[in-house]
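The following report describes a single chain, moving from its overall form to individual residues. Please keep the sequence and the model in view while reading.

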Amino acid sequence: RIREPIMFNMLWSGLFAFLQQRFQFLPEMAAVQPHALIGSALGLLLVFRTNAAYNRFWEGRQIWEKVHSQSRAIARFCMLYRDEIGKSKVRRIANL
């Protein structure tokens with residue numbers, strides 16, 4: 001899934017570097033400035049994506065904590081009322 005875009009970028013970069021080396025169509029200082037600008041933009045993008053991923057992780061963790069808490073509550077409920085519920089229902093809930 002990712003191989004084709006990476007290969008395309010590698011070939012495109014290699015072709016561009018070869019043409020720059022051969023024909024010198026860009027001045028030397030012009031080659032440095034885009035790297036600095038793109039590096040800053042990519043840094044900000046990476047921070048925002050990391051923050052979004054952490055928020056998704058934290059939301060999933062909170063949901064999993066609720067599931068865990070509810071399953072513990074059901075287990076306590078079953079143990080407390082096991083005589084009234086009956087052994088078959090307690091066993092069926094325990095096997096969930």
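## Burial and surface

A residue is called buried when its relative accessible area is under 20%, exposed when this is over 50%, and partly exposed in between, using a 1.4 Å probe and protein chains only. By that rule, buried residues account for 3% of the 96 residues in the chain. The accessible surface, computed by the Shrake-Rupley method with a 1.4 Å probe, amounts to about 9500 Å², and 65% of this belongs to carbon and sulfur atoms.

This is a predicted model, in which local features need pLDDT of at least 70 and side-chain atom pairs count only at pLDDT 80 or more, while totals for chains, interfaces and linings use all residues. Residues are numbered from 1 along each chain as its sequence is written, and side-chain values use heavy atoms, with hydrogens and water left out.

## Overall form

The chain contains four helices and zero strands, where helices (H or I, at least four residues) and strands (E, at least two) are DSSP runs numbered from the N terminus. The radius of gyration, taken over C-alpha atoms, is 29 Å, whereas a compact globule of 96 residues would have a value near 12 Å; the globule rule is 2.2 Å times the number of residues to the power 0.38. Along the principal axes, the C-alpha atoms fill a box of roughly 90 × 25 × 10 Å.

## Helix α1

Helix α1 spans residues 3–23 and includes methionine 7, which is partly exposed at a relative accessible area of 40%. Met7 also belongs, with Ile2, Ile6 and Met10, to a nonpolar surface patch that has about 410 Å² of accessible area together.

## Helix α4

Serine 88 sits in helix α4, residues 87–94, and counts as exposed at 55% relative accessibility. Between the C-alpha atoms of serine 88 and proline 27, which are 61 residues apart along the chain, the separation is 82 Å.

Notes
Patch = residues over 30% accessible without salt bridge, like charges linked within 9 Å, V, L, I, M, F, W, Y side chains within 5 Å. Salt bridge = Lys/Arg side-chain N within 4 Å of Asp/Glu carboxyl O.
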